[in-house]
Amino acid sequence: MADKVLVFYGSYRADRMGIRLADYVVAGLRARGADAELVDAKAVNLPMLDRMYKEYPKGSAPAPMEALAEQIRSADAFVFVTGEYNWGPQPGLKNLTDHFLEEWFWRPAAIASYSAGRFSGVRSGTAWHSILSEMGMVVISSALAVGPISQTLDASGKPTGSAGEALERAFGRFADDLAWWSEAARVQRGRGAPPY
Ligand SMILES: Cc1cc2nc3c(=O)[nH]c(=O)nc-3n(C[C@H](O)[C@H](O)[C@H](O)COP(=O)(O)O)c2cc1C
């Protein structure tokens, strides 16, 4: 059974670079047989957080929020592609994730960070680790760290040069780790409803 994996990315910049990594992750997961889909926070364009999804009376949430809630509920696993703004998470992606809570529970999540420089966004990746844990996801220990992103992936998300080769080597383990936990959580959910 193909894993349903949602790949989240949240830069709103016109000249954004991280879309290269998001596209690479989606393509790589699909090549391994997963049912992977990009969720681009800029395209979904939820408003700055006012009411969380669960605070709307049933059936009255804005259509894009309702559709995303259903996508999240029906996914087996998540990947968060994160850049770093001043050592922290990008606000567009954080805003999108904060609209939901219970919808995220009981699934594994993986973090793929990147930056313009050699630190590869790892400080933002570290912040996301605790954010995702707080939201009920189990964060896997394998992570991708990509930097400088412009020297690792070309504009179409294809790996380039020695940095691209290193990413290709890391991706296999990253995807194997996520697939293992994804299946484990699905089997466990099939054995009975989660405790809360
Ligand atoms: C507001 C802002 C803050 C940034 N802060 C950091 C930083 O703390 N560390 C870092 O490695 N790069 C930083 N950068 C550079 C980003 O890594 C680079 O612009 C990257 O392409 C941003 O992702 P995006 O293009 O997907 O928006 C910053 C960029 C912006 C626009």
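## Around helix 4 and strand 3

The buried residues of helix 4 pack against strand 1, strand 2 (35-40), helix 2 (41-44), helix 3 (63-73), strand 3 and helix 5 (122-134). Helix 4 itself covers residues 91-98, and its buried residues are Gly92, Leu93, Asn95, Leu96 and Thr97. Buried means under 20% relative accessible area, exposed means over 50%, and partly exposed lies in between, with a 1.4 Å probe and protein chains only. Contact means heavy atoms within 4.5 Å. Helices (H or I, at least four residues) and strands (E, at least two) are DSSP runs, numbered from the N terminus.

This is a predicted model, in which local features need pLDDT of at least 70, side-chain atom pairs count only at pLDDT 80 or more, and totals for chains, interfaces and linings use all residues. Residues are numbered from 1 along each chain as its sequence is written, and side-chain values use heavy atoms, with hydrogens and water left out.

**The whole chain**

The protein has six helices and five strands. Along the sequence they follow the pattern β-α-β-α-α-β-α-β-α-β-α. The radius of gyration is 16 Å, close to the 16 Å that the globule rule gives for 196 residues, so the protein is as compact as a globular protein of that length. This radius is taken over C-alpha atoms, and the globule rule is 2.2 Å times the number of residues to the power 0.38. The C-alpha trace spans about 50 × 35 × 25 Å along its principal axes.

Of the 196 residues, 47% count as buried. Take the contacts with a separation of 6 or more: residues 24 or more positions apart account for 79% of them. The accessible surface comes to about 9,900 Å², and 56% of it belongs to carbon and sulfur atoms. Such areas come from the Shrake-Rupley method with a 1.4 Å probe; for residues, only the protein chains shown count as cover.

Now the charges. The mean positions of the 21 positive and 22 negative charges are 2 Å apart. Lys and Arg count as positive and Asp and Glu as negative, while His and the chain ends are not counted. The place of a charge is NZ of Lys, CZ of Arg, CG of Asp or CD of Glu.

How many residues of strand 3 are buried? Six of the six residues in strand 3 (residues 77-82) are buried. Ala77, Val79 and Val81 point one way, Phe78, Phe80 and Thr82 point the other way, and all are buried.

Strand 3 has parallel partners. Five bridges join strand 1 (residues 4-9) to strand 3, and the two run parallel. Here Val5 stands opposite Ala77. Five bridges also join strand 3 to strand 4 (residues 108-114), again in parallel. In strand 4, Ala109 is the bridge partner of Phe78. Two strands pair if DSSP finds at least two bridges between them.

Leu68 lies in helix 3. Leaving aside neighbours within four places in sequence, Leu68 is in contact with Phe8, Val39, Val44, Leu46, Leu96 and Phe100. The C-alpha atoms of Leu68 and Gln188 are separated by 24 Å, and these residues are 120 residues apart along the chain.

Ser182 is found in helix 6. With the neighbours within four places again left aside, Ser182 is in contact with Asp3, Asp76, Ala77 and Pro108.

| Residue | Relative accessible area | Class |
|---|---|---|
| Ser182 | 1% | buried |
| Leu68 | 2% | buried |
| Asn45 | 49% | partly exposed |
| Trp87 | 61% | exposed |

**Loops and backbone angles**

Most residues other than glycine have a negative phi, and most peptide bonds are trans. Which loop holds Asn45? Asn45 is in the loop between helix 2 and helix 3. Asn45 has a positive phi of about 55 degrees, although it is not a glycine. Trp87 lies in the loop between strand 3 and helix 4. Phi of Trp87 is positive too, near 70 degrees.

The peptide bond from Gly147 to Pro148 is cis, with omega near -10 degrees. Pro148 is found in the loop between strand 5 and helix 6. Lys158 lies in the loop between strand 5 (138-146) and helix 6 (161-191). Beyond the neighbours within four places in sequence, Lys158 is in contact with Thr152 and Leu153. The C-alpha atoms of Lys158 and Gly88 are separated by 26 Å, and the two residues are 70 residues apart along the chain.
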